[in-house]
Amino acid sequence: MRNYIRKTDRGTKSVELMQRAANLVVNENKSLRQVCRDFELSKTSLSRFIERMKNDPVNLRFGYGTPRQIFNTEQEARLTEYLRKLAQIFHGIGPKEVRRMAYDCAIKYKISIPETWHTNKMAGSDWMSAFLKRNTSLSIRKPEATSLSRATSFNKTNVQEFYTKLAEVMDRFKFTASFIWNADETGVSTVTKPSKIVAAKGKRNIGSITSGERGTNVTLLVAVSATGSSIPPMFIFPRKKFQHHFIRDGPTDCIGAGNSSGWITNDEFLIFIQHFIKHVRPSKETPVLLVLDNHSSHLSVPTLDLAKENGVVMLSFPPHTSHKSQPLDVSVYGPFKRYMSSTQDAWMRNNAGKTMTIYDIPGIVRTALRLALTPTNIIHGFEKTGIFPFNQDKFNDADFAPSYVTDRPMETCSNESQLSSTPLPTILSNPQLPPSFDPQPSSSFDAQGVFCPEIVRPLPKAGPRKSTINRKRRKTAILTDTPEKENLRKEQEITNKKKANSVNKKNQANKKVQQVKKAILKEVNSDSSSDDEYFCLVCCEKYSDSVPGEGWIQCNLCRQWAHEKCISNRGCIYLFVIIVIRETMSLIKIKYIYNKCYLSVNRL
């Protein structure tokens, strides 16, 4: 019966259709057979419906009932809405957890359930399958991993503040589409996830050749404008010394740089800004707007000075919001990664037996990037993010739903003007929640016994966030404005001073250690006076207390003495391990001194 397929349409007519047919028979004296013939109904079904109308005209129903359904239609609708709400705030639950929640709801509202539910403390798998069939708006999906910072930072307060800054610079400089640019970096690895292949059906493990176990990343910087144009990209290689032949096969007029990590730093982004100014040719008379994220390399004061001198107005996105607010992330880098995957697969097949290196990346990017950097993709990214054409209402309440879990109310103010001037609180908050997200259902629901899953399992809500002292909280800002730039200058001066002091302290400490080590080595290597009292450093017995005729041995290197019976054939290992540990020397010195002393004793 689980997979039963109906073979007739009996019992599928609507109640309204049956009412019209019954009215023709009862009120207009139409023939029952003729009405059934006209409406394609069963004579028996219509007769029974007419009897129900006479007995109970209020609660009319037609069709096959659901005697084994645990929750009624209204209860399942509330349960469906609750599950959709959990998924919207990125806290969705799996099938087993849904079955446990169904059991808890049934116990809470004293609904009759099968005995197996009590045994397993959850609903059965058959109930879950039938529930999904009845509620077609739900399905079991594989979610995409989203960091907590992204889910909570993309809230209405942060986004509206960005659009306020964007409107300010657009009103001030009257930017058009050709003067609005977006720049961002992404990583390109020598090892990517293989694309789908055609293979034998039923086989569990299907393999595909990749370049290696773990890939090496090369950073790629791209800048695009709202008109769909772009400038040649920049590559950052994990090499301390960049050579121009690294980008020999790359896109036309591309540039490159290198450092030990391969990630972008202040120096590399300064080179990119110079490259950007060379191709875009902004000036103070014809400035351009460059929107970018809050990465630390974008906040370097020399870079901001260079940008301001050449008419580049830099506006930063709020932290952890670029996945929805940055055009390159929205419409360019996704297709680019897919094209890169297929292009790298083709490279592996065309170069069988070869390992892909970072020097092959520019040639592969040249093929994949031009497929992704199309005017259609770029313009669509600016439109979807509301940057150009300017649209501060581009995102609705459903887009801000994931931030509901950590939303806290803002500080209360006396009037709206005071509220608008209130600075952002120490935690990210969204004072205007979507209407469908009620933090807690009213207690009247429970008192009246109305089915409400949120009473059984309230929506998740985070507590007060712990304050972090050392972490600098960023927010959207016009980076090239003088007040913002001066604040960054002071902040970076303090940071550089702290780093310089730390390096000086470390150098002084290392210098003292070297002095101590030199003093120890000098003391160890110096000849001992003949008038001093000597001890056996193995058994610590004085030479003056030794038995007459007892053998003593002196090491040629350290000039220390020990009993011949204590040393035996082991060399001076005990002697010098004690000396080295006592004088806090390194393990390398221990090995060196032990080997020298062992050879010296063997030559006695």
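Begin by selecting helix H5 (residues 95-108) together with helix H7 (residues 125-134), which pack at an angle of about 100 degrees with their axes 10 Å apart; axes here are lines fitted to C-alpha atoms, for helices over the stretch in contact, and angles run from 0 to 180 degrees between N-to-C directions. H5 is therefore roughly perpendicular to H7, a term that covers angles of 65 to 115 degrees. Show the side chains of Pro95, Val98, Arg99 and Ala102 on H5 and of Ser125, Trp127 and Met128 on H7, since these residues make the contact, where contact means heavy atoms within 4.5 Å. This set divides into five nonpolar residues, one polar and one charged, with Ala, Val, Leu, Ile, Met, Phe, Trp, Tyr, Cys and Pro counted as nonpolar, Asp, Glu, Lys and Arg as charged, and the others, Gly among them, as polar.

Before moving on, note that this is a predicted model, in which local features need pLDDT of at least 70 and side-chain atom pairs count only at pLDDT 80 or more, while totals for chains, interfaces and linings use all residues. Residues are numbered from 1 along each chain as its sequence is written, and side-chain values use heavy atoms, with hydrogens and water left out.

Zoom out to the whole protein chain, which has 22 helices and eight strands; helices (H or I, at least four residues) and strands (E, at least two) are DSSP runs, numbered from the N terminus. Of its 604 residues, 37% are buried, that is, under 20% relative accessible area with a 1.4 Å probe, protein chains only.

Next, select the six strands that form an open sheet of mixed pairing in the order E4-E3-E2-E1-E5-E6, where two strands pair if DSSP finds at least two bridges between them. Its edge strands are E4 (255-258) and E6, each pairing on one side only, and the twist averages 25 degrees from one strand to the next.

Three bridges join E5 to the parallel strand E1 (residues 180-189), and Ile180 stands opposite Leu289. E5 also pairs in the parallel sense with E6 (residues 312-316), over five bridges, and there the bridge partner of Leu289 is Val313. Follow the chain from E5 through helix H11 (residues 301-309) to E6, a β-α-β crossover that is right-handed: with the strands pointing away from the viewer, the path from the first strand over the helix to the second runs clockwise.

Finish at Ala22, in helix H1 (residues 15-26), which counts as buried because its relative accessibility is 0%. Leaving aside neighbours within four places in sequence, Ala22 is in contact with Leu46, Phe49, Ile50 and Met53.

Note on methods: Parallel < 35°, antiparallel > 145°, perpendicular 65-115°, else oblique. Buried < 20%, exposed > 50% of the residue type's maximum accessible area, 1.4 Å probe, protein only.
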